[in-house]
Amino acid sequence: YTGGCVTSASWHMPYPLGFQVSLTALLMVELVLGFSSNLTVLVLYCSQSDLVHSVSNLVTANLHVLDVALCVLCLPLTLVIVLLPPGPNFATLCCFHEACVTFASIATAINILVISLDRYDISVRPVNRLLTTRRALLLLAGVWLTSVAVFFIPFLEVRFFSPGGEAEEAYHTGLGMYYHLVLQVPIFFATLAVMLFTYSRILKALNIRIGAHIRTGGRFRGPACRGRRKKLTGGGPAAAAAAPGPAPLGVQASVSAIMALRRAVRRHRDRRERQRHVFKMSLVIISTYLGCWAPLTLVNVLILAAGPGDGLVSARLWCLALAYGTTVSHPLLYAFTRQTLRRALRAKVKKRVVSLLQVDPSPGGTVIHNSWVENKKSGRQVRLEASEATDRCLAEV
């Protein structure tokens with residue numbers, strides 16, 4: 001076992017043909033979808049300068065930069081490991097592969113941990129945030145320094161940079177050869193624990209706000225409505241004859257109270273809907289990270305406990321391909337769920353459609369009109385501008 005590979009002196013295919021075809025197809029799909037989706041998100045962030053001013057967008061963009069790096073460096077190297085037969089320098093290639101896997105595992109975990117802390121900060125402390133732009137930049141710099149540092153751990157295990165170091169073929173001997181696996185296990189569980197804590201506190205904060213709003217509305221509006229209702233119906237005909245003037249005022253106050261109550265019910269329904277949305281997204285985010293990286297962590301624990309074998313090596317490659325699936329899920333979970341980014345994407349698509357539908361005026365030429373790409377009415381624009389602040393606040397969680 002040399003860095004997740006089965007080596008042999010003869011040149012032969014290291015894995016069965018069916019294993020290679022199926023795993024290669026999965027890795028190619030992840031490579032194409034992950035690279036295109038993450039690159040699209042980064043292009044949108046770069047084209048809209050106002051998007052990167054937010055700390056949340058900054059840490060999210062950093063995750064997409066990491067995913068692009070995984071699609072460019074780690075995924076192709078895993079494809080080479082699966083397809084390339086063993087050769088003279090195959091053990092060194094496997095060492096590079098293990099370095100990339102260690103980098104991918106720890107860098108992804110730390111970036112997701114930072115995003116979880118940012119969402120906790122913006123949900124629990126929206127006014128006085130701890131994670132400012134300067135602190136976020138320093139934190140992201142530390143994340144990249146840590147990720148690059150762990151990349152060299154597999155090389156240090158085999159004394160790759162030492163002139164009289166061990167041979168790469170002895171990479172599997174001794175407990176000291178598995179430090180990179182030992183490091184990945186606690187990082188995974190620490191990130192999972194932080195995610196569970198932060199998202200549970202986010203849901204708790206939302207419950208407290210909704211409950212406080214309901215209690216305040218009930219104490220303030222209920223007696224007033226009952227008092228107005230007594231003014232309308234409590235006096236009977238004699239009271240109406242004695243005071244005929246205030247009746248229209250009472251009706252107007254009752255109508256205002258009903259309209260205010262409807263607005264309160266609508267706001268409460270919107271908040272409940274937002275709570276359900278945040279709960280579903282939190283559950284999906286945690287389940288995705290757990291489903292993609294837990295199998296690889298489990299195989300690492302088995303390798304540390306029982307030693308590497310052919311079955312564990314093959315299973316580890318499958319689990320690694322499953323872990324690479326986060327490069328496809330991250331744009332869906334962290335980028336395209338934001339209102340601002342979806343609005344920027346629609347603007348880009350609309351501009352592209354306009355450029356394709358434009359026809360040069362010429363004698364006898366036809367001008368194509370499309371109501372979808374034409375300017376909307378001014379009322380629609382006013383409503384969008386009025387709700388922009390609300391959408392920005394809702395998109396941050």
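The chain has 13 helices and 0 strands; both are DSSP runs numbered from the N terminus, helices (H or I) of at least four residues and strands (E) of at least two. Read along the sequence, the pattern is α-α-α-α-α-α-α-α-α-α-α-α-α. This is a predicted model, in which local features need pLDDT of at least 70 and side-chain atom pairs count only at pLDDT 80 or more, while totals for chains, interfaces and linings use all residues. Residues are numbered from 1 along each chain as its sequence is written, and side-chain values use heavy atoms, with hydrogens and water left out.

**Whole chain**

Start with everything displayed. Of the 397 residues, 39% count as buried, where buried means under 20% relative accessible area, exposed over 50% and partly exposed in between (1.4 Å probe, protein chains only). Among contacts with a separation of 6 or more, 80% join residues 24 or more positions apart; contact means heavy atoms within 4.5 Å.

**H2 and H3**

Select residues 55-83, helix H2, and residues 90-124, helix H3. Their axes come within 9 Å and cross at roughly 160°. Axes here are lines fitted to C-alpha atoms, for helices over the stretch in contact, and angles run from 0 to 180 degrees between N-to-C directions. H2 and H3 are therefore roughly antiparallel to each other. Angles under 35 degrees count as roughly parallel, over 145 as roughly antiparallel, 65 to 115 as roughly perpendicular and the rest as oblique. The crossing of H2 and H3 is left-handed; a crossing has that hand if the near helix is turned anticlockwise from the far one by less than a right angle, and is right-handed if clockwise. The contact of H2 with H3 is made up of 20 nonpolar, 7 polar and 1 charged residues. In this scheme Ala, Val, Leu, Ile, Met, Phe, Trp, Tyr, Cys and Pro count as nonpolar, Asp, Glu, Lys and Arg as charged, and the others, Gly among them, as polar.

**H2 and H4**

H2 passes H4 in a right-handed crossing. To see where they touch, show Val55, Leu58, Val59, Asn62, Val65 and Leu66 in H2, which meet Thr133, Ala136, Leu137, Leu140 and Trp144 in H4. By class, this contact has 9 nonpolar, 2 polar and no charged residues.

Now centre on Leu140, in helix H4. Leu140 counts as buried because its relative accessibility is 8%. Which residues is Leu140 in contact with, leaving aside neighbours within four places in sequence? They are Leu58, Val59, Asn62 and Val114. Draw a distance from Leu140 to Asn62: the C-alpha atoms are 7.7 Å apart, although 78 residues separate the two in sequence.

**H1 and H9**

Select residues 17-47, helix H1, with residues 310-323, helix H9. Their axes lie 10 Å apart and the helices pack at about 20°, so H1 is roughly parallel to H9. H1 passes H9 in a left-handed crossing. Show Phe19, Ser22, Leu23, Leu26, Leu27 and Glu30 of H1 against Ser314, Leu317, Trp318, Ala321 and Leu322 of H9, the residues that make the contact. These divide into 8 nonpolar, 2 polar and 1 charged.

**Leu333 in H10**

Go to residues 326-335, helix H10, and pick Leu333. With a relative accessible area of 9%, Leu333 is buried. Apart from neighbours within four places in sequence, Leu333 is in contact with Arg119, Met281, Val284, Ile285 and Thr288. Its C-alpha atom is 6.8 Å from that of Ile285, at a sequence separation of 48 residues.

**Annotated spans**

Last, colour the ranges that the unreviewed UniProt entry lists as "transmembrane region": 21-45, 65-84, 90-115, 136-156, 176-199, 278-303 and 315-336. UniProt positions are given in the numbering used here, feature names are shortened, and annotations may be inferred rather than shown by experiment. Residues 278-303 are 100% helix and 0% strand, with end C-alpha atoms 37 Å apart. Residues 315-336 are 86% helix and 0% strand, and their end C-alpha atoms lie 32 Å apart.
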